[in-house]
Amino acid sequence: MSKKTNRFDMGDIDISWCPGCGDYQILTTLQETLVELDIQPKDLVMVSGIGQAAKIPQYLKCNYFNGLHGRSLPPAWAIKAANPNLVVIAESGDGCSYGEGGNHFIHTVRRNPDITNIVHNNMIYGLTKGQASPTSRIGMKTGVQVEGVILDPFNPLTIAIGLDASFVARTYAGDTKHMKEMMKQAIQHKGYALLDILQPCVSFNKLNTYQWFKERVYYLEESHDPTDRFEALRRASEVEKFPLGIFYVKDKPTFLEKHDLYQKSSEPLYIRERDLKKFAKKFL
Amino acid sequence: MSKHTISDKSDISIVLCGAAGQGIQTVEQFLTHILHEAGYYVAALKEYMSRVRGGTNSTEIRISSDKVKAYVDRIDIFIPFNKTAISRQRKRITKDTLIIGEPENILHELDAKEYNIVEISWTKIAEEIGHRIYSNTIAAGVITKLFNIDDELGKKYLRDRFANKSDEIVKKNIEAFLKGNEIANEIAKSKGIEIKIKPKKKTEKEIMVNGADIVGMGAIAGGCNFICSYPMSPSTGVLNFLAKHSADFDILVEQAEDEIAAINAGLGAAYAGARAMVTTSGGGFALMSEGISLSGMIETPIVIHIAQRPGPATGLPTRTEQGDLELALYSGHGDFPRIILAPGKLKDAFYITQEAFNLAEKFQVPVIILTDQFFVDLYYNIPSLDLSNVSIDKHIIKTEEGYQRYKLTKNGISPRGIPGFGDGLVRADSDEHDEDGFITEDLDNTRVKMVEKRLKKLEEVKKNVIPPDLIGGKDYETLVIGWGSTCNAITEALTSLGDKSISFLHFKQVYPLHEKTKEYLEKAKNLIIVENNVTSQFGKLIKLYTDLEIENKILKFTGMPFSVEELTEKIKKAVEDKK
């Protein structure tokens, strides 16, 4: 599909990503995925925090809520809760999603809202110019971690699977075909879907380069059973190599399916009228 | 037989005091309900320790033929439930106080010859009935009978309250209640007690509410349909209230993982068209600061209820203070308009909270409601609410293609669209943005215009400020200034002083200040400010915006509310010192 015909494309705009950044592949692939899923810009809300990845909503023709650093998930589930007719994608980087927003990540998995959570995982802080992120490897030297990172890296997949998340997948920005397939599955999944995208940072991460990833990524075998939680956990725990694909899927009721509010009506909150007569009857 | 002093009073204060979990609350609920039903003005005021069991807590119940709603030091009838009750309230107990209770809870502290003590072993009596648990019902039976309240009201209450329990439990409770009645007759006879408080005329319907519930009712009547909060004393009552009524009024209630999530979720919901609220206390609100700033930047309405408690840090979790005005005023980085409201009376809290949602929507700003522990736990009867002027004003438009969320307008208010309603796209950005909502670094043009646009809304807000209430005559020499929950205590103190040259100016909107503030203050020869904090935070705010310094400050920061007596005395002294 040519870029110009994509209804999510913003045309000739100034993009603040570095040339060669994996974010471009992610953006183009997401635009194509959304079209292929027949989603309309006015039905889509992109929610992000802060960081280079979090600028992605600005480069898509859609509604967006570009909020605070680390805080993409609380508004994302709340937007979906206020209007379930909207397609909600929360998208940010690894620092925003797993560092600053770590607590929200944990509890959003528990809440299981019907949203997609795409994380650009480049194992570095880009916008603040090259400090360690929660997913940086041990030993990586930066301007702050001058002797190298000493903290164990955060593994978002094992945490999500450990919390019995309803959809957990990983892809790689260097393989747009696989990425598109994963995006489709994640967006179509009913419930919280985590898609972690390994993505090289060409400006600040001199360790986890395209070449580095190329040598380490491989695909989960077709025989992998994504309903097997312990097998999913085992595969997600691999640290030398990075399997790609859908690790885990659990069919479970979503946040709104568990909440009373939408059991009797599917109307978004803004349409519902408050009955003051009922108020008077109840309280006065 | 001489008459006991409480016989002639038109206003009686009963204090129940004991450990958490001993049943003070049960007795309090029983008494307030029955006394209200019997047509008295009833106010219940609580103070409690931050613990689930044990400690020493107390509830003051004021019963009157007038509208009394403030805390008094005086205790007319004291009921100790444990051994530490008397020492905890020692300075409030006088020889006029009628003390009713187990001898073991009284005699180690007070000499039976000097004090007015009625020894009743109600635990033993309760055990004879079947279980010590009935002692609370006996106590309630004693009090209601001292007020000569019809037995049937008490029996009905017990039948309703224990409707889900066995007939045996209902029967035993009624037996305990009637036993309490009998004891009361003996006390009345031996102590010469004949309470003469007249029930009020039942001309209008009244409702019995507390501060947390009335804020919740205001929110429901304001159209609130989304509340996300993290439990924090003393603010949680509002969350409980909305949760309790969520099914009836289609409210999405969610307990957040932390206060940061709460406010960000609230803003997300509001962006998508919900009328959102959060409830918290100072510490939780501190965590929300960045979210407040986000509300200012993305111009998304939110109502924040802060039930204040004394800080810094964890402070005194179950006590009261008006110490977070400056936090509310300055929270959030950068410049943006906000509205801060502070109801003083329960009735006001309804209309103010209701209106808060309309204000937030109209001006697309954060609206903060400041109450405190004293206020949310305060319980009394108010005339039924008038809904004839209550409306839920929605300020949402259906968007068209090319919609600009931050369109520059004359008054700074851009028509607010929400995603999914209309053909436009709604872009909210925490970065500085242009009219479309796209990130910008156009410093000389867009940045300046957007800052001015946001601040222009403050000028609009200023045209809609709730005026302060002047209580007392217009030709005052002394003006007492107060805000928020001190309203009832100051009003009652001035009534008891009876000095026509003193008036009271109560602010229920504390920011922005009403334009007439300076005029009111300049008219007085003598200004006195009353605040439940140590630095006179409202006094500083007044100084900032009117350049008037209020030198005479009555401040309290013990964690307790002002009592009517202490205010009466302090205001009297302040006025005399000036003469």
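Helix α6 (residues 176-188) of chain A lies across β3 (87-93), β4 (116-121), β5 (167-172), β6 (193-198) and β8 (242-249) of chain A, at about 160° to β5(A). Helix α8 (residues 229-236) of chain A also packs on the sheet. Helix α8 touches β5 and β8 of chain A, and its direction makes about 155° with that of β8(A).

This is a predicted model: local features need pLDDT of at least 70, side-chain atom pairs count only at pLDDT 80 or more, and totals for chains, interfaces and linings use all residues. Residues are numbered from 1 along each chain as its sequence is written, while chains are lettered from A and ligands numbered from 1 in the order in which they are written.

Helices (H or I, at least four residues) and strands (E, at least two) are DSSP runs, numbered from the N terminus. Axes are lines fitted to C-alpha atoms, for helices over the stretch in contact; angles run from 0 to 180 degrees between N-to-C directions. Contact means C-beta atoms, placed from the backbone, within 7 Å.

The sheet is open, with 9 strands and mixed pairing. Its order is β7(A)-β8(A)-β5(A)-β6(A)-β4(A)-β3(A)-β1(A)-β2(A)-β17(B). Strands pair if DSSP finds at least two bridges between them. The edges are β7 (217-219) of chain A and β17 (427-429) of chain B. The twist averages 20° from one strand to the next.

Strands β1 (residues 44-48) and β2 (residues 63-66) of chain A pair in the parallel sense over 4 bridges. Val47(A) has Phe65(A) in β2(A) as its bridge partner. Ile79(A) touches both Val47(A) and Phe65(A), and its contacts in chain B include Ala269(B) and Tyr271(B).

How values were computed
Contact = placed C-beta atoms within 7 Å. Lists of a residue's contacts leave out its neighbours within four places in sequence.
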